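Welcome! Please take a moment to look over the sequence and the structure before reading on. The notes below start with a single residue and then turn to a sheet.

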Amino acid sequence: LAILLTTHRTSLMLQPSLRLQLVRRLLPTMLALLLCGAGAAYWVAWRSATKAYDRALFDASLAIADQLQVVSGVPRVQLTEQARAVLLTDKFDQIFYAVLGPNGELLDGDPDLPMPPAKFAGLFDETKHKYFSGLMGHRQVRVAALQTERGGRKFTVLVGETLVKRNALVQEILVGMVVPELFLALTCIGVVWFGVLS
């Protein structure tokens, strides 16, 4: 009987030790999986937000390009105030545009909008439009650059916006993907803690 009692006491003493050992071994793996999951979730969220809102910028650049005409050799952007209000009004972000002439001169729009990187010069021959990120003052902006031709001359239309909507969508997708993973990890640890030697 004494031997049985001693064995039982030893088992009780070892029980939490084994739990802790298992949890300690499980935690690094779970943390690594959570970090990998968070990284993958961020990439998916960023890519989804970028593709969705870049397309909207491209559509706006097409709309502005449609209003670019060359009259008697003089390029003009014939945007009415109503058209400007429709194109540049957004509930969350500020939207800017600029139309550049063949030599990079500003024909219309905001002079502070970032210009396309020099590496885009040859790439326009392939797709006619590109996207890039830049700074406008102290604010980060995403810009769609569209190259169009009028009267045998090439013009560039830029439409940019701040990143409020994009960041909000990234956070929303990230939370939606990471929270379930965190809950699953805590559940696994709970199963190990309460299930071992019960």
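In this predicted model, D93 touches E161, T162, L163, V164 and K165, leaving aside residues up to four places away in sequence.

- Is D93 buried or exposed? D93 counts as buried because its relative accessibility is 4%, and buried means under 20%.
- The side chain of D93 makes a polar contact of 2.7 Å with the side chain of T162.
- L163 also comes into the picture through its backbone: the backbone nitrogen of L163 lies 3.3 Å from a polar atom of the D93 side chain.
- Both T162 and L163 are among the residues that D93 touches.

**The sheet**

- In what order do the strands of the open sheet run? The five strands are arranged as β4-β3-β7-β6-β5, and their pairing is antiparallel.
- The edges of this sheet are β4 (106–109) and β5 (129–136), each of which pairs on one side only.
- On average, neighbouring strands of this sheet are turned by 25° against each other, with direction ignored.

**A closer look at β5 and β6**

- How many bridges link β5 and β6? Strand β5 pairs with β6 (residues 139–150) over eight bridges, in the antiparallel sense.

Key: Residues numbered from 1 in each chain as written. Predicted model: local features only at pLDDT ≥ 70, side-chain atom pairs only at ≥ 80, totals over all residues. Heavy atoms only, no water. Buried < 20%, exposed > 50% of the residue type's maximum accessible area, 1.4 Å probe, protein only. Polar contact = N/O pair within 3.5 Å; in protein donor to acceptor, adjacent residues only side chain to side chain. Contact = heavy atoms within 4.5 Å. Pairing = 2+ DSSP bridges. Helix = DSSP H or I, 4+ residues; strand = E, 2+ residues; numbered from the N terminus. Axes fitted to C-alpha atoms, helices over the stretch in contact; angles between N-to-C directions.
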